[in-house]
Structures are given as structure tokens and as C-alpha cells.
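Here are my notes on this one, as numbered points. Have the model open while you read, and start with the helix pair.

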Amino acid sequence: MMPRVWWKTGVIYQIYPRSFQDSDNDGVGDLNGIRNRLDYLIWLGVDALWLSPFYKSPMKDFGYDVSDYCAVDPLFGSMESFDALLKEAHASGLKIILDFVPNHTSNLHPWFLSSRRSRDDPKRDWYIWRDPASSGGPPNNWVSHFGGSGWTFDEETQQYYYHAFLEEQPDLNWRNPKVRNAMHDVLRFWLKRGVDGFRIDVASHLVKDAFFRNNPPNPHYDGRGPDIQRLTQTYSSDQPEVQAVIASLRKVVEEFGGDRLLIGELYLPIDRLVRYYGEGLGGLHLPFNFQLLDARWSALEIRNLIEKYEAALPEGAWPNWVLSNHDRPRVAARLGEAQARIAAMLVLTLRGTPTLYYGDEIGLGRVPVPPDRMRDTWALRESGSDVGRDPSRTPMQWDEGPFAGFSSREPWLPLSPDHAKRNVSVMRGDKGSILLLVRELLHYRRNHQAIEQGAWRPMESDGDILSYERTLGEERIVILLNFSDTPHRVAGLGLEAAKISLSTHADRRGEGAGAVVELRPNEGLILE
């Protein structure tokens, strides 16, 4: 058994601060609201809270356009609010992970205001400025993730600046050592306050091609997806030099010891993803593994995916799994609630660190957002491509009240139509709820070292059943997951003496498995 490291044995829970709990009744969640809900998070059984950005921002991209990395936006409270949250979380045994947004700033950040003044400004090279192409127009064909060109022309200085996202989010030039040093100091500011780690936003974007070559066309693009899919990001992302940047961030985090954590957001194929563990594992502790977000949901597909990922991990690397996040459709929206239960049992029993997204534990799915309530800038810019992120960012639902206990007034985004029943208060009293299932899984995980730290091995089963075992020393735990809506019988796994510890359905604890295990439709079992 390896030494107990919190980010290896624990479970991370992502909170989108705008949508977790409103404490000042303005319809938007805040830091004091999160602090007021710590008892719930302790009861649920998670170990670390990852907070999406709450820094000072014009909110063009809801906090991912930062105008001051070392200040709390008044919308979310104050630095005193943050310090109080951190202190109470730590006193309760919870870790705090911050979102770090190093690829770009707001166009209202003092650095960019200075950079934009003239070509001779000392901070001009802190951002990516280029002359127009020889034929006129943008320097190359790079596309913004939010549609249209990634270049905006500045009339005053007669050059273009690059922005991988909104024109209000100019990209920093990480080839400039002064930029690196300034951003390292941002990390130190929060580490000194006591935070336990960082999730690096769009980590693969930090360095661009030195020659600014055109991105090639995407041969798989059929014209129906968002604009960013027209081209492959061959030269605007995932450049070899980014590994040195990640290694430098890791060194800053290690200055503070204490098992501080560095996570990276990386939408990459497995073979490219695992490079971000770094040479000698001096890169990211956890390059986020988003494979489950796009995988075809079948037992065979998921088994192959797990095996491929496990085989690709460098020696000494620790795996991780993500089910949902603030940018993608929730797991219940993708799979329905029945299979969302299977997904919960899967992610909480695989080898590695799981990350859960707030609201997944109550089976919150895709909440309808009418056109007049849409807030997502990307959706408003590309209204015909179904890229809206609002349905995955709606408020947490706490009770049966008119605004689900989130606020005393209309929230910034709508609640689900069934919020009077789909909420923590009601579901805590329902023994068959997905909420109590997730809680039971979290507590089971914490009490079994074979799940937290043990080996993973697939077992033989038919096409609709995924079966695997987790072992550590003498402890052996078997997981059976039915990916179909029909019953199945599983035999030949040597489970004659095993007993059921947990089911995704009604309680079957203590029931003997027998030579043939009966699985109901959409049922998952944990057996010992």
C-alpha cells in the first residue's frame, strides 16, 4: 500500500460559484454561500472543492476573463469571504482547489491596457501582437473557440492581437519570461493564503507555434459543428514548449510542499494527454482525463477505454476520471438518470481520483433555458450550433421552496422543471434516490483501501456487462455494471461466497451472490 496522499485517495467536487448558493439574495451564488453549505459537503463525503473562477472580472465569460488575479470580484464577496471559507473548509478536513486562468486575461487587465498603448510599451510583448498578413487581414487562419477569427485588429497601433476565446480575452505570451514570473507570483499569492492546489484552465494552449503557421483543415468537419472545429489546432495548441511551462508551474507549487496539487484542463487524445505528467513526472499531478465525456456508452467501449488509458500511463503516474463539468452536458443529460447511477458507481470505483460536478449527485440533467434567459456568450455568438453551456450551469437545488433554496429571488439561470422534487431536501429522505446512492458510494470508497489505492483488473462478461475487480492485499472487491435496460445473469466469476455490499437499485446489502449473479436492468453491484 502506498502512502496516503489526499489527492490520490480523495474525491474532488467541482463548484461553479455563481450557481451553488446565493447568500446575499442577488440571484447569483457567492463564496459565503459555499461556506454556508460546507456541512452538506461533509455529509455527502467529498474531500476537496474545486472552485471555478471568482476573481475580479468584467464577466464577459463569467470569470474566465480575469482583470485582477489577486482580488475577489464583489459579485462573489471579498477576500475576507474567501479567507473565511478556506479556514472553515480546512477545519472541516476539506481541501480547496482554485481555478487558475493563465492563458489569457481580460482586455481590461492593467497589463493589457498597458500593452495596447503603443508598440513601444514595456508590456507590449506580454501579449501576442502581429502585423497584418502581406495580403491584408489577420496574420493567419486561427479561429476563436467562440467562433470567428482569433485575431482582432487594433486601430491605434495597427496590429492584430490573438485571442483563443473572446476578443475581450487576449492571450498572454508565455514565451516572455516576465509573463511567466508574474504568473508564478499569482500562484504564490494564493499558496501563501493556504490553498491546496490549482486547476489550470486550457493548459495545452499556453504556448503557440513560434512561426504562426496556418492550422490545417479538419478532414472530419461536416459543417454542422461550432466554428472552432473547421480546423485542427495543430499550431495554436499543444506545442512541445508547453511542457517546460507546466514544469515551471509545478516547481512553484512544490515550493510550498504539503502535497499541493496541480491539475490541467486538456481535451486531448490519451497518447497526448499522458505527456502532461511530464518528464520524470515533473509536470501535472493530474492531467484531467475527459474520455468518459465523449465515449460511446457501452460496456465494451468503456472497458476498452479504461484499458487503453491504464496502459498509456507513465510509470508512477496516478490516473483520474471526470464525469461532467461546467462546459459540457451533464452525465444525466447524456445518459439519463438510470445510467447516471451506473456512471456514478463506475467513476467512484475505478482506479484513480474521481471528479464530480455539483448537482450530478441529484441527477440534474440538461435544464431547459429559453432564448430570453440565455447568458452564455458562446451560445449567443453561435446560436445555430447547440454549444450553449447554460444548461450545465444552472443553480443547485436545495429544497422545495420557490427558488429551490438557492436564493430568495429569481436566480441568474432557470431551475429544472422538476426542482420541487429534484432537490437535496426531498432526496435525502428517499432511500432510493441517486443522492443517497452517491453518498453511499463515497463513504464506501473511503472505507475500502482496495478502492482507494488497489489494483484494477477487468473480468470476463457478456456484451452489456462491464465487470472488474479491485484488489489490495487480501481485500478483493468485484464491480458488475449493467449498461442495458434488460436483466442479465452473470456466471463464472468465482463469486459463490461473495455478498452484495451495494446496489444502484433498492437495498440488496448482505444478499448472497451465488454462482450466478442476477443483475436487474440498469443495475450496478459491488460485491465482496
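1. H12 and H15 are roughly parallel to each other, a label used for angles under 35 degrees, with over 145 counting as roughly antiparallel, 65 to 115 as roughly perpendicular and the rest as oblique. Their axes come within 10 Å and cross at roughly 10°. Axes here are lines fitted to C-alpha atoms, for helices over the stretch in contact, and angles run from 0 to 180 degrees between N-to-C directions. Helices (H or I, at least four residues) and strands (E, at least two) are DSSP runs, numbered from the N terminus.

2. Before going further, some housekeeping: this is a predicted model, where local features need pLDDT of at least 70 and side-chain atom pairs count only at pLDDT 80 or more, while totals for chains, interfaces and linings use all residues. Residues are numbered from 1 along each chain as its sequence is written, and side-chain values use heavy atoms, with hydrogens and water left out.

3. Which residues make the contact between H12 and H15? On the H12 side they are Glu-337, Ala-340, Arg-341, Ala-344 and Met-345, and on the H15 side Ile-434, Leu-437, Val-438 and Leu-441. Contact means heavy atoms within 4.5 Å. By class, that is seven nonpolar, no polar and two charged residues. For the classes, Ala, Val, Leu, Ile, Met, Phe, Trp, Tyr, Cys and Pro count as nonpolar, Asp, Glu, Lys and Arg as charged, and the others, Gly among them, as polar.

4. H12 (residues 337-347) is largely enclosed by the rest of the structure, because nine of its eleven residues are buried. Buried means under 20% relative accessible area, exposed over 50%, and partly exposed in between (1.4 Å probe, protein chains only). The buried residues include Gln-339 and Arg-341 as well as Ile-342, Leu-346 and Val-347.

5. Now the core. In the largest nonpolar core, which has 126 residues, Tyr-13 and Phe-82 touch the most other members. Helix H15 (residues 434-446) gives the most to this core, with eight residues. Apart from it lies another core of 15 residues, including Ile-12, Trp-50, Leu-261 and Trp-318. A nonpolar core is a set of buried Ala, Val, Leu, Ile, Met, Phe, Trp, Tyr and Cys residues joined through side-chain atoms within 4.5 Å. Not counting residues up to four places away in sequence, Phe-82 touches Leu-31, Phe-54, Val-72, Ile-96, Leu-98, Trp-190 and Val-195.

6. The eight-stranded sheet is open, with parallel pairing and the order S11-S10-S9-S5-S2-S1-S13-S12. S11 (286-287) and S12 (320-322) stand at the edges with a single partner strand each, so one side of each is left without a neighbour in the sheet. Two strands pair if DSSP finds at least two bridges between them. S1 (residues 12-15) and S13 (residues 353-357) run parallel and are joined by three bridges, and Gln-14 has Tyr-357 as its bridge partner in S13. Helix H7 (residues 242-254) lies across S5 (95-100), S9 (197-200) and S10 (261-264), running at about 155° to S10.

7. S14 and S15 form a hairpin with six residues between them. S14 pairs with S15 (residues 465-472) in the antiparallel sense over four bridges, and Pro-458 stands opposite Tyr-468.

8. Arg-393 is worth a click. Arg-393 sits in the loop between H13 (377-381) and H14 (424-428), and counts as buried at 1% relative accessibility. The C-alpha atoms of Arg-393 and Arg-18 are separated by 8.3 Å, although the two are 375 residues apart along the chain. Leaving aside neighbours within four places in sequence, the contacts of Arg-393 include Phe-62, Asp-327, Tyr-357 and Trp-412.

9. Last, two backbone angles to check. Most residues other than glycine have a negative phi. Phe-62, in the loop between S3 (55-56) and S4 (68-72), has a positive phi of about 50° and is buried at 6% relative accessibility. Asp-238, in the loop between S9 and H7, has a positive phi of about 55° and is buried, with a relative accessible area of 14%.
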